[in-house]
Each structure stands twice: as structure tokens, then as C-alpha cells.
Amino acid sequence: MNATEIKNEYLSFIKENAVFNSITENHTEVITPFVDPFGEAIGFSIKSDGKLLTITDDGYTIWNLSVNGVDVTKKGRRRDLLQSLLDYNGFELIEKSIQKITTKNQLGQSIHDMTQLLMNVYDFIQLHPNNVKSQFLDD
């Protein structure tokens, strides 16, 4: 296979496996083909005010981490790492919701950025002390 065929196969996979559900006229749910450490699809919402678009996880990621023993909201190294990831990708944490305001022209890049950001944030599960300890015990 040449590079163009490989690209087409990959883009076809993404197109077939990404789901976009219209919740309301101004709210779309995006379910990516990528999964978090729990085997669940990574998803988020895109909301429109008529001019700008807000990409948000509606607080799900921080909640999901917290119920699995990872608190990234209290001061400390995890919070600093989270803030660094948010800043790098142009996102904000507003009342435990990861958000970014974007335009129609930047929507594709913003969807990609959100997906990548959430994958990186979910890596905090691997840094949980119990996971780190068990990895060293296994060795």
C-alpha cells in the first residue's frame, strides 16, 4: 500500500467509527473511536450560540477521574500537570468542565485537540499511586 491508500483507510476508519449525535439544534454529541483507560469511548459535546462553538466535556472527565481515585482539582502536581495540558491545547477548566471556544473554521482542529487532550488527561489513571505500586510489584 502506498501513503495515499493508507491515509484513505485510516480516514475511512475514523469516518465510520466516529459518531455525531444531534441532541438539540445547538448541541451535538461527539463520540470518538478512541477509548479511555476504562474501555469507554471518549466523547464530548459541541454547543453553538449561533456565532461561536464551545467544545466541552460537561465535567465528565474530572468526575470520572475522581470516582476512580484521581483528584486533579486540588493543589498539587496533578493539578499543575492538568493546567499545563489545558494551556498547551488552548482549553480552560470552568467549574470542572474542560472547555474551549472555537469558530467553525477551527472546528476540525478543535475536535482533534479535545480528543488528544482527553486522552492525555486520562493518562492520570496510570499515575495513580496504586497503579504505579502494582507495576513495580509485578516487576
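How many aromatic pairs does the count come to? I found two aromatic pairs, where rings of Phe, Tyr and Trp (its six-membered ring) pair if their centres lie within 6.5 Å, and planes under 30 degrees apart count as stacked, over 60 as edge-to-face and the rest as tilted. Phe38 and Tyr122 are edge-to-face, because their planes stand at 90 degrees, with the ring centres 6.4 Å apart. This pair links distant parts of the chain, 84 residues apart: Phe38 lies in the loop between strand S2 (27–35) and S3, Tyr122 in helix H4 (residues 107–122). I noted helices (H or I, at least four residues) and strands (E, at least two) as DSSP runs, numbered from the N terminus.

A note on sources: this is a predicted model, where local features need pLDDT of at least 70, side-chain atom pairs count only at pLDDT 80 or more, and totals for chains, interfaces and linings use all residues. Residues are numbered from 1 along each chain as its sequence is written, and side-chain values use heavy atoms, leaving out hydrogens and water.

Buried or exposed? I took buried as under 20% relative accessible area, exposed as over 50% and partly exposed as in between (1.4 Å probe, protein chains only). Tyr122 is buried at 3%, while Phe38 is partly exposed at 32%.

Next, strands, which pair if DSSP finds at least two bridges between them. S3 (residues 41–48) and S4 (residues 53–56) run antiparallel, joined by four bridges. Ile46 stands opposite Ile55 in S4.
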